[in-house]
Amino acid sequence: MLTGRLGLATARVPQSDRHGVMWLARGQLFVRDGTLEFRTAGSDDLSAGVYSIPYQTLTCIVMEPGCTVSHDALRILARHGTGLIAAGTRGVRRYASMPFGPDSSARARRQALAWADADGERIFMARRMYAWRLGELLPSSDIAALRGMEGARMKKTYSRLAAQYGLTWNGRRYDRQDPQAADVPNRAINHAATAVYAAA
């Protein structure tokens, strides 16, 4: 190997300092002069042209239909621990992904420790996540009470949205044995929830 070719001798940016996911469609991902570039014919989100891709600061690149990738691009992504996923339009289906390289397990270990500390850290984390989601720190330290408060807020949210969009709302009803028995708004919520869980 030539020293420095395609940035292989440089240090990697830790995953915890990266900026998430970049979506690319209808183009070619390749390397020119040590820089990862994407040439696209244009899509709804990106005008036609050639763009430099900051691969070292990305966790993952999602390639939608119409994309090709060069060998050098795969090599540089693998070396720097940047994931590459082949997906359908808007990520509806995932077809393949390049494995992420070895990295620190600190986040996974931190999550396991927080989960295992049922009386302290686990409840603190749950309350903090609810605070991020709901915009305020809920007063209880009991997980069942937190879930009840969340449920009450969601009931109000469903009612408000139904009124806003002129829908008849009879409450959240779902029979796992017969999901098609639900009314249209409940079936829509079921589909949305399934999509969110699948994405997560």
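This report describes the fold, the surface and selected salt bridges of a predicted protein model.

## Basis of the model

Local features of this predicted model require pLDDT of at least 70 and side-chain atom pairs pLDDT 80 or more, whereas totals for chains, interfaces and linings use all residues. Residues are numbered from 1 along each chain as its sequence is written, and side-chain values use heavy atoms, with hydrogens and water left out.

## Overall architecture

The protein contains 5 helices and 8 strands, where helices (H or I, at least four residues) and strands (E, at least two) are DSSP runs numbered from the N terminus. Along the sequence, these elements follow the order β-β-β-β-β-β-α-β-β-α-α-α-α.

Of the 200 residues, 28% are buried; buried means under 20% relative accessible area, exposed over 50%, and partly exposed in between (1.4 Å probe, protein chains only). Among contacts (heavy atoms within 4.5 Å) between residues at least 6 apart in sequence, 43% join residues at least 24 apart.

## Surface

Accessible areas come from the Shrake-Rupley method with a 1.4 Å probe, and for residues only the protein chains shown count as cover.

Leu161, Tyr165 and Leu167 make up a nonpolar surface patch with about 320 Å² of accessible area together. Patches consist of residues with over 30% relative accessible area and no salt bridge, like charges being joined within 9 Å and nonpolar side chains (Val, Leu, Ile, Met, Phe, Trp, Tyr) within 5 Å. Tyr165 is located in the loop between α4 (143-164) and α5 (184-199), and its relative accessibility of 59% places Tyr165 in the exposed class.

## Salt bridges

The structure has 5 salt bridges, each defined by a side-chain nitrogen of Lys or Arg within 4 Å of a carboxyl oxygen of Asp or Glu. One of them joins Arg75 and Asp72 at 2.7 Å, N to O. Because these two residues are 3 residues apart in helix α1 (residues 71-79), about one helical turn separates Arg75 and Asp72. Arg75 is partly exposed, at 23% relative accessibility.

Another salt bridge pairs Arg133 with Glu150, their closest N and O atoms being 2.3 Å apart. This pair links distant parts of the chain, with Arg133 in helix α3 (residues 121-134) and Glu150 in helix α4, 17 residues apart. Arg133 is exposed at 52% relative accessible area, whereas Glu150 is buried at 17%.

Arg153 and Glu136 also meet through their side chains in a salt bridge (2.3 Å, N to O). Here Arg153 belongs to helix α4 and Glu136 to the loop between α3 and α4, 17 residues apart. Arg153 is partly exposed, with a relative accessible area of 28%, and Glu136 is partly exposed at 39% relative accessibility.
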